[in-house]
Amino acid sequence: DAVVVCFDDPLVFTDNNLPTYISLNQSTVIENLSINTTVGSLSTSDVDNDTFSYTLVAGDGDTDNASFNINASNLQTSEIFNYEAKTVYSIRLRTTDNKGGIYEEVFTINVIDAYDTNTKIIISNTDFPDNLEAGNLIGLFSTADEDANDSYIYSIEGGDISAFTINDNQLLNTAAFDFETKSTYNISIKTVDASGAEFEKDFTINIANANDSPTDMQLNPGTVAENEATGAVVGTLSTTDEDSGDQFVYKLAAGDGQNDNSNFIIVDDEVKTLTTFDYETRQLYYINVQVNDGGGANYDELFPVQITDANDAPTSLALSNTEIAENENAGTEVATIITTDPDAGNAFSYELVSGTGSTDNDKFIIASDKLLTAESFDFESKQLYKIRIKTTDNGIPNKTFEQAFVITVTDANDTPED
């Protein structure tokens, strides 16, 4: 009997067995490798002794097909992978035998972490004030590196090396900076990670101008003549300060040592007197002056104030005698005139002058320092004579003093007339 099989569609008879499995001998790739790096070699399981071609195809698991390519039987990269960005990739592969038989499979490709090259050095601060002593923190270094938890060593490789030092990741100054001397410093910093990878970068450290304290003060000339009226100028104050353009304010302040501040006052930048001084009593006074530079810094200094000698006016006149006997001849010496004057060594000239008590000036004459009679006196006619004498010293300028005196005529035995 014959068996007849009927089909709606035509039957195709073939001796080809389909592929059953795709093998990838390595499914990992190290990050940072160049494009077209081989990930692994592909092979196919098939009972037939066929040849195979491979393609990346759409379907489940094809998410990252674009990141790879096929070269013959090798799976290759189409980009440079970054472990820190993504570690797992999914692709869908098809194998096709030389008779048209196909098989597809999904693969997972894992990216392996590698040491990344340092790409940047960062410092937290590049501005630093002047006048701060050595050892102050300028800024903290950090390194841009995709490797998490990497460690770094920093060093100064060039530039103004002697002005800085590094402690761990801290940049410190080795001495106080002075803006007026130098306002910018350049250094080259190298970072080395745990793998030995290096990166170097230049930095500029800017010195900010902090307020400098005044360093000295002057009082010029710092003298005043005796006998000057209150308000006389002793001298002008000036200040030495590295900062240009500072506005200085002066005041008398308490301080160590002898202090005669109560005798003086400061008006703007001038020291003036609050009293009249006498050279013969005291020649040297001390004041303590404080200056503020307007930026919060003060400076104190003790100044001597020298009292200079000036010509003092005579203070009194005296006669060695104020009596004259009657009947003495004209030209008889009555007395020696004596001047009292604070200035030792002065010489004096004398004259009779008009004024209170000068009624009888014409009855006398002065020769040098002697008071002489200009006529003979008669006790019975008049006993008291009023004169006014002026003394003039030889100082510069000349100073004078006047005083009135009463000369008494004393009785003498008169010769009988008849």
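## A tour of the aromatic rings

Select F128 and F177: both are buried (under 20% relative accessible area with a 1.4 Å probe, protein chains only; exposed is over 50%, partly exposed in between). This is a predicted model, where local features need pLDDT of at least 70, side-chain atom pairs count only at pLDDT 80 or more, and totals for chains, interfaces and linings use all residues. Residues are numbered from 1 along each chain as its sequence is written, and side-chain values use heavy atoms, with hydrogens and water left out.

Rings of Phe, Tyr and Trp (its six-membered ring) pair if their centres lie within 6.5 Å; planes under 30 degrees apart are stacked, over 60 edge-to-face, the rest tilted. By this rule there are 15 aromatic pairs. Stay with F128 and F177. Their ring centres are 5.8 Å apart and their planes stand at 90°, so this pair is edge-to-face. F128 is in strand β10 (residues 127-129), while F177 is in the loop between β14 (170-173) and β15 (184-193), 49 residues apart. Strands (E, at least two residues) are DSSP runs, numbered from the N terminus.

Next, select F364 and F377. Their centres lie 5.4 Å apart with planes at 35°, so the pair is tilted. F364 belongs to strand β29 (residues 364-367) and F377 to the loop between β30 (370-373) and β31 (384-393), so the pair ties together parts 13 residues apart in sequence. Both F364 and F377 are buried.

Last stop: charges over rings. The rule asks for NZ of Lys or CZ of Arg within 6 Å of the ring centre and within 35 degrees of the ring normal. Select K86 and Y89: the charged end of K86 sits over the Y89 ring, 4.5 Å from its centre. Then select R282, whose charged end sits over the ring of Y285, 4.0 Å from its centre.

How values were computed:
Helix = DSSP H or I, 4+ residues; strand = E, 2+ residues; numbered from the N terminus.
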